[in-house]
Amino acid sequence: MSVVYKNQMLDGEVIDFTHEGHGVVKIDAYPIFIPQTLIGEQIQYKVIKVKKNFAIGKLIEIQKESADRELPPCVYYEKCGGCQLQHLSYEAQLEMKRNQVMNLFHRKGKMSHVPVHPTVGMVQPWFYRNKSQIPVGGKRGAIEMGYYRQRSHAIINMDKCMIQYQAQNDIMTTIRDLLNQYDIPPYHELKHTGLVRHVVIRKGYYSDEIMIIFVLNGDTLPYQEEISHALTGAFPQIKSIKINSNKEKSNVIMGERSQTIFGEATIEDTLGDLKFKINDKSFYQINVLQTQKLYDIAVKYAGLTGQETVIDAYCGIGTIALSMANKARHVYGVEVVPEAIQDAKRNAELNEFHNTTFVSGPAETVILDWQKQGIRPDVVTVDPPRKGCDVTFIETLNQLEPEKIVYISCNPSTQLRDIQLLLDKYDLKEVTPVDMFPHTTHVETVALMTRKKH
Ligand SMILES: C[S@@+](CC[C@H](N)C(=O)[O-])C[C@H]1O[C@@H](n2cnc3c(N)ncnc32)[C@H](O)[C@@H]1O
């Protein structure tokens, strides 16, 4: 017999908080996960799903409130799957993220001697995203644009998202009006019919330059001249409008092929003293103010004197590589997306660096080539996607034996896994969490490893 049953109403105290931002009530050792509740709260909840090892509950009433609870300012918060922590004060969010990283490295990784510093937070933790990927749905003439409901692909028709720039909100509502005005069919995900799947908007924080990408289940946008004209008239900061064709039945947002229908192929932004050109396919950190802090820590950890050979693995458009280029002898960057490497090369020229080499390909293969060519790095920076590094890459890193490894990650679990494979030769010195994604459960970390002295 189960510990609880579906639709059961229960009272309980929240005693823990998961990485997904859900409160946990336990009956004996059986956990019930309840979204939008906080540690220490006494609550009434309804059991909505029962599994063998856990149940999911829905908050009905808070009988005793946590001192860390705040009123979420976003009107869509309770439904939307975009943010999970708006009901928790920002200070408590930063503490929670640090605890999450400490739990991982200290308890799971058994490295309690390694300092995990306080999470580096934002002064104004709202309207920070420079990139929005907005799903388009609804019907012809009644287009819906906004983010998905929690655990669903049902679109919430929104006027405003409080974590993307306000310009993105204004463009989102204008595009919805234009798609309605020109009677353009939205994409229907289940039937795989219709045309407009997503609208992607990127904006330079300092430059204000804007790129809009219409992701289509097709190759052409009807009335593209009129739509571009209306958009650029209303938002003169728009420097690029593109069409990206994605005719696949898949959750991947962008397809392979893009064409520019207005303006330039790239937009520009600045990070510190450096200028960067950004393509539609290239990865660019979404929170510019926090990226500057993240890179400052990475540069400090690298401790460059001007003599070093540096490898920046998973380099994107070369942002970390170029942040280090004026402090190193030579910097090599590797990245799997060819368009991003084109941007990285152009960015090196734009910033007048002549001591950089950028190569397109998988880091795990290119690093082997570099090893064969006799390149011996003093410092390697690593910034992989959420799944972490390929084992071959880590093995090669172990053989190359750089003095320092600076590992940046948006997924501390895979970061810990990779770091553990380096511990025979390296000491993990310190870890700093940086809050790149306020009000969500995501946390970015930067870790310094130094080679053990023989
Ligand atoms: C988290 S981003 C970091 C980009 C860059 N360092 C920055 O700060 O903007 C990870 C990058 O790794 C790239 N990537 C993914 N798998 C890769 C692989 N096997 N080899 C090289 N690059 C890869 C992605 O295209 C993406 O640009």
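Predicted model: local features only at pLDDT ≥ 70, side-chain atom pairs only at ≥ 80, totals over all residues.
## Helices α7 and α8

Helix α7, residues 363–372, packs against helix α8, residues 391–400, at an angle of about 25 degrees, and their axes lie 8 Å apart. Angles under 35 degrees count as roughly parallel, so α7 is roughly parallel to α8. The crossing in which α7 passes α8 is left-handed.

On the α7 side, the contact is made by A363, E364, I367, L368 and Q371. T392, F393, T396, L397, Q399 and L400 make the contact on the α8 side. By class, the residues of this α7–α8 contact are six nonpolar, four polar and one charged.

## Helices α2 and α3

Helix α2 (residues 166–181) and helix α3 (residues 224–234) pack with their axes 11 Å apart, at an angle of about 150 degrees. Because angles over 145 degrees count as roughly antiparallel, α2 is roughly antiparallel to α3. The two helices, α2 and α3, cross in a right-handed sense.

From α2, the residues in contact are T174, I175 and L178, and from α3 they are I227, A230 and L231. Five residues of the contact of α2 with α3 are nonpolar and one is polar, with no charged residue.

## The second largest pocket

The volume of the second largest pocket is about 550 Å³. Its lining is formed by 18 residues, of which P35, Q36, K58, L59 and E78 are the closest to the centre.

Strand β6, residues 55–64, supplies the largest share of the lining of this pocket, with four residues. Seven residues of the lining are nonpolar, four are polar and seven are charged.

Conventions. Residues numbered from 1 in each chain as written. Heavy atoms only, no water. Axes fitted to C-alpha atoms, helices over the stretch in contact; angles between N-to-C directions. Parallel < 35°, antiparallel > 145°, perpendicular 65-115°, else oblique. Left-handed = near helix turned anticlockwise from the far one by under 90°. Contact = heavy atoms within 4.5 Å. Nonpolar A, V, L, I, M, F, W, Y, C, P; charged D, E, K, R; others polar. 1 Å grid on protein atoms, 1.4 Å probe; cavity = no way out; pocket = protein on both sides within 12 Å on 5 of 7 lines; lining within 4 Å. Points joined across faces, edges and corners; volume = space filled by probe spheres on them.
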